[in-house]
Amino acid sequence: MTDNFDRLGRFLTAVLRILPAELSHDIGLLAMEHGFLKLLPPPKNQAVAVPLQVTIPGLGRLRHPIGLAAGFDKDARCPDAFEYMGMSFIELGTVTPRPQAGNPKPRLFRYPETRSIINRMGFNSQGAEAVLRRLQEQKWTPTQVPLGVNVGKNKNTSAEQAINDFITGIEAFATVASWLTVNISSPNTPGLRSLATPEFVRDLAYSAGGHRKKCWIKVDPDMDRKTFQLLIEAIGSHEFPGVIIANTHRVEWPETGGQSGHPLLSPSNTCLEWAWDVTKGSLPVIATGGVLSGVDAFHKLARGAIAIQIYTALIYRGPGAVFRICEELAQELKLRGFGSAEEAIGSCYS
Ligand SMILES: Cc1cc2nc3c(=O)[nH]c(=O)nc-3n(C[C@H](O)[C@H](O)[C@H](O)COP(=O)(O)O)c2cc1C
């Protein structure tokens, strides 16, 4: 059911989409940072047909499985706005140790006809020190939704030194964040994806020490099955809490960069199946990639995801997307005879 928050939000998002993609993102984020969303009629928390609560190890019990994916609020400018949109967990970043500008513009492209985006932002980041200061000033409390920080490496850091960049990020945010994500999967930082090996995972586990129990690893959807499964096994065997499947799909046409939105749904779902094949659900998976509706979300849960992150859905469905996706998910679960979201997790394998 739509409400005025949803209607007005969709209208304003459609107006913003007239502008070039990055400019509209910047304006939207600035407005959210200044509390603009709260000027809209407050969103109505609709009663849903089926209980949607899920548990993420280390993050606790969430009221539903839909959270914010990394990349939208890279510098922790407005996590409270995403909480207001109904996100049940929020991932900030990617944050690099030192500030960097990212790639030259234009670097963000919308394709409404396929409900997709291509980006080659290249980790534009204000750097760990500035983001940490902002998070400390915001005094996020544990009563609010879990807040994670995604950490990456600077462009000019060599592959040999990359682990130091990750450890800098992990140590900087370990106490302020509910969880951390190690990003070895963005396609726009040269050499980053070459770190997605069992050897790197082992070295990271060793260097991160006790902090590794807070570090989820985010992987890309462009590996072959064997390489992907060896990586997943390594992540599971080194006591990382779980894996985020998947980052954007690397494309070279119509623009070079990472593709998100609807075209990513099928490849990222295949990766969920490959992961289940080797873990049988023993390694927790947060799914991201192409979830634009509650039906898409259902198929992530059915393939073994314990929770879901969205990004592109916000661009095409506006700030009411989380509420709508939750309602649609609950309807889909009811239709298929599930009594709760948790019952559906991994159900396509039984
Ligand atoms: C413009 C843009 C920037 C992104 N930046 C990051 C990032 O900094 N770090 C990261 O791990 N993922 C990043 N992502 C990937 C998203 O977190 C997510 O994995 C991907 O978009 C798939 O989800 P979706 O289809 O719901 O958008 C970015 C995605 C987009 C569209």
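**Chat about the fold and I117**

Q: What touches I217, leaving out residues up to four places away in sequence?
A: This is a predicted model, and in it I217 touches V182, I184, V201, I235, F240 and V243.

Q: How big is the nonpolar core that I217 belongs to?
A: That one is the largest nonpolar core, and it has 101 residues. I217, V243 and I245 have the most contacts inside it.

Q: Which element gives that core its largest share?
A: Helix 11, residues 321-335, with 8 residues. As a general point, nonpolar side chains in soluble globular proteins tend to be buried together.

Q: Switching to I117. Where is it found?
A: I117 is in strand 6, which covers residues 116-119.

Q: Buried or exposed?
A: I117 is buried, because 25 other C-beta atoms lie within 10 Å and the cut-off for buried is 20 or more.

Q: And what does I117 touch, again skipping residues up to four places away?
A: The list is L108, F109, R110, S260, G261, T312 and I315.

Q: S260 is on that list. What is the bridge partner of I117 in strand 12?
A: It's S260. Strands 6 and 12 run antiparallel, with 4 bridges joining them.

Q: How many residues of strand 12 are buried?
A: Strand 12 runs over residues 257-261 and is mostly covered, with 5 of its 5 residues buried.

Q: How is strand 11 joined to strand 12?
A: By 3 bridges, with the two strands antiparallel; strand 11 is residues 249-251. A hairpin through 5 residues also joins strand 11 to strand 12.

Q: What stands opposite G258 there?
A: R250 stands opposite G258 of strand 12.

Q: How far is I117 from F82?
A: Their C-alpha atoms are separated by 20 Å, and the two residues are 35 apart along the chain.

Q: Zooming out, how many helices and strands are in the chain?
A: There are 12 helices and 14 strands.

Q: Why call the chain as compact as a globular protein of that length?
A: Because its radius of gyration is 19 Å, close to the 20 Å the globule rule gives for 350 residues. The C-alpha trace spans about 50 × 45 × 45 Å along its principal axes.

Q: What fraction of the chain is buried residues?
A: 51% of the 350 residues are buried.

Q: And what share of the contacts with a separation of 6 or more comes from residues 24 or more positions apart?
A: Those account for 75% of the contacts with that separation.

Methods:
Residues are numbered from 1 along each chain as its sequence is written. This is a predicted model: local features need pLDDT of at least 70, side-chain atom pairs count only at pLDDT 80 or more; totals for chains, interfaces and linings use all residues. A residue is buried if 20 or more other C-beta atoms lie within 10 Å of its own, exposed if 12 or fewer, and partly exposed in between; C-beta atoms are placed from the backbone. Two residues are in contact if their C-beta atoms, placed from the backbone, lie within 7 Å. A nonpolar core is a set of buried Ala, Val, Leu, Ile, Met, Phe, Trp, Tyr and Cys residues joined through C-beta atoms within 7 Å. Two strands pair if DSSP finds at least two bridges between them. The radius of gyration is taken over C-alpha atoms; the globule rule is 2.2 Å times the number of residues to the power 0.38.
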